[in-house]
Amino acid sequence: MKKQAALLAVVMLASAPVFAAQQGGFVDPNAPAAQVKQGGFNADNTSVVTVKQAEEMKDDSWITVRGQLEKQIGDEDYQFRDQTGTMKVEIDHKRWNGQTISPKDRVELTGELDKDFNSIELDVKQVKKLP
């Protein structure tokens with residue numbers, strides 16, 4: 001019994017670094033490395049819109065935007081920019097799907113629009129790095 005417990009402990013300790021490895025995320029060259037994990041979600045039937053168009057849409061609309069993530073502004077919050085403006089996006093660590101993104105990269109973000117009286121935010125469900 002003691003040998004089995006010891007063997008199990010050795011196997012778990014040996015595999016711990018694999019579980020701790022980072023699996024992509026946003027890389028801001030001007031900030032310390034962020035802790036990120038893998039994830040992903042594929043939402044179909046969404047329309048590609050601009051930030052300006054998103055501002056006019058209804059709360060809880062499913063949309064896709066294309067542009068750049070300029071900077072990280074919180075643990076899971078980022079500033080997104082396209083040719084028409086900027087908006088806050090929330091990207092859970094599990095949504096990066098192993099991708100590493102920098103402000104130079106063009107991305108496609110799909111998710112649910114969250115509108116309040118004076119603000120707009122996209123709750124991102126899929127992050128896709130564009131060529």
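1. A surface patch here consists of residues with over 30% relative accessible area and no salt bridge, like charges being joined within 9 Å. In this predicted model, Asp 59, Asp 60, Asp 114 and Asp 116 form a negative patch of that kind. Asp 114 belongs to strand β7, residues 107-115.

2. Across the whole structure, 7 salt bridges are found. One of them pairs Glu 70 with Arg 81, with 2.5 Å between the closest N and O atoms. Glu 70 lies in strand β3 (residues 62-72) and Arg 81 in strand β4 (residues 77-82), 11 residues apart. Glu 70 is partly exposed at 28% relative accessibility, and Arg 81 is partly exposed at 35%.

3. A salt bridge also joins Glu 121 to Lys 88, the closest N and O atoms being 3.6 Å apart. Because Glu 121 is in strand β8 (residues 120-129) and Lys 88 in strand β5 (residues 85-91), the pair ties together parts 33 residues apart in sequence. Glu 121 is buried, at 15% relative accessibility, whereas Lys 88 is partly exposed at 33%.

4. Lys 128 and Glu 108 form a salt bridge with an N to O distance of 3.5 Å. This pair links strand β8, which holds Lys 128, to strand β7, which holds Glu 108, across 20 residues. Lys 128 is partly exposed at 36% relative accessibility, while Glu 108 is buried at 9%.

Conventions:
Residues numbered from 1 in each chain as written. Predicted model: local features only at pLDDT ≥ 70, side-chain atom pairs only at ≥ 80, totals over all residues. Heavy atoms only, no water. Patch = residues over 30% accessible without salt bridge, like charges linked within 9 Å, V, L, I, M, F, W, Y side chains within 5 Å. Areas by Shrake-Rupley, 256 points an atom, 1.4 Å probe, with all protein chains shown as cover. Salt bridge = Lys/Arg side-chain N within 4 Å of Asp/Glu carboxyl O. Lys, Arg positive; Asp, Glu negative; His and termini not counted. Charge placed at Lys NZ, Arg CZ, Asp CG, Glu CD. Helix = DSSP H or I, 4+ residues; strand = E, 2+ residues; numbered from the N terminus. Buried < 20%, exposed > 50% of the residue type's maximum accessible area, 1.4 Å probe, protein only.
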